[in-house]
Amino acid sequence: MKRFPWRFPWVTVALVALSAAAWRLPAEALEYDRTRVAAGEVWRLLTGQMIHWTTRMAFFDVGMLLGLGILLEIRGDRRLMVVTLALGGCLTALAVQVLSPGLESYRGSSGLASALFVLAAVRIAKSPDPFSRTLGITAVAFFLGKAAFESLAGQTLFAGPLPMGIRVVPLVHLLGGLAGLVGVGALCESTGSWVSLRPPFTAARPPATVPRLQRGRRPRARIRSGCRSPWTRPSGRGRRGRERAGRLQGGRGRARRR
């Protein structure tokens with residue numbers, strides 16, 4: 001497993017601190033409300049992602065942000081994490097305002113947590129270590145299965161029961177995961193390397209054998225019987241070599257005429 005130098009995760013700490021501060025404020029002042037957003041309070045599209053419906057939901061979402069954020073920042077993916085968070089927040093706002101016209105109010109940072117989860121899973125799957133690759137691929141498959149369960153059951157899998165009249169929005173989780181994939185794609189496009197699910201080939205290949213020739217000499221030809229032929233020996237270089245080759249060829253021609 002590759003070790004990474006310690007970096008203080010100040011982005012993650014700041015994000016968790018903002019969520020903790022928002023928890024102390026009245027939730028109605030920060031939650032997403034379609035009527036108030038239409039009246040001009042557009043900032044509720046972002047502040048609604050900092051508060052939660054229940055304490056269990058808050059601990060689960062903020063805990064995911066804390067753990068995944070620290071992991072990504074220690075790995076050196078701070079800029080990528082910031083871009084992914086920004087994209088995840090924008091896609092969450094798009095999901096609740098445009099793609100869910102029947103949704104009147106919304107609270108939760110599960111879209112941001114989903115973005116970081118997919119980002120971390122794909123980054124781990126890119127590791128050459130077989131165990132890390134398997135872990136990352138399994139995490140992505142688990143995320144898709146969780147989204148499918150929430151879509152069919154209409155309830156959360158880990159955040160616990162929600163208040164009466166509040167339902168889960170799986171589209172937010174899916175678009176958050178899409179933000180993580182887009183962040184990885186942007187990184188791979190900039191570095192020129194793409195994530196491959198096939199493990200790299202690391203087997204050592206035997207070195208190619210190249211026949212070693214004597215310096216300044218040509219290899220001597222051999223006849224089928226394995227003996228050296230006097231007519232195929234190297235004749236040397238320069239004028240003496242040409243004269244010797246001529247005498248050998250002339251003697252060979254006289255022997256044939258006889």
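Trainee: Why is Glu 28 called partly exposed?

Mentor: Its relative accessible area is 47%, and because buried means under 20%, exposed over 50% and partly exposed in between, with a 1.4 Å probe and protein chains only, Glu 28 counts as partly exposed. Keep in mind that this is a predicted model, in which local features need pLDDT of at least 70 and side-chain atom pairs count only at pLDDT 80 or more, while totals for chains, interfaces and linings use all residues. Residues are numbered from 1 along each chain as its sequence is written, and side-chain values use heavy atoms, with hydrogens and water left out.

Trainee: What makes the pair of Arg 107 and Glu 28 a salt bridge?

Mentor: The term asks for a side-chain nitrogen of Lys or Arg within 4 Å of a carboxyl oxygen of Asp or Glu, and the side chains of Arg 107 and Glu 28 meet at 4.0 Å, N to O. Arg 107 lies in the loop between strand S2 (105-106) and H6, and Glu 28 in the loop between H1 and strand S1 (32-33), so the pair ties together parts that are 79 residues apart in sequence. Helices (H or I, at least four residues) and strands (E, at least two) are DSSP runs, numbered from the N terminus. Glu 28 and Arg 107 also belong, with Glu 31, to a network of salt bridges.

Trainee: Why is Arg 107 called buried?

Mentor: Its relative accessibility is 11%, so Arg 107 counts as buried.

Trainee: What makes helix H6 largely enclosed by the rest of the structure?

Mentor: Here 16 of the 16 residues of H6 are buried, so the helix is largely enclosed. Helix H6 (residues 110-125) reaches 22 Å from its first C-alpha to its last, close to the 22 Å expected, the expected span being 1.5 Å times one less than the number of residues.

Trainee: Why is Leu 144 called exposed?

Mentor: Leu 144, found in helix H7 (residues 130-153), has 52% relative accessibility, so it counts as exposed.
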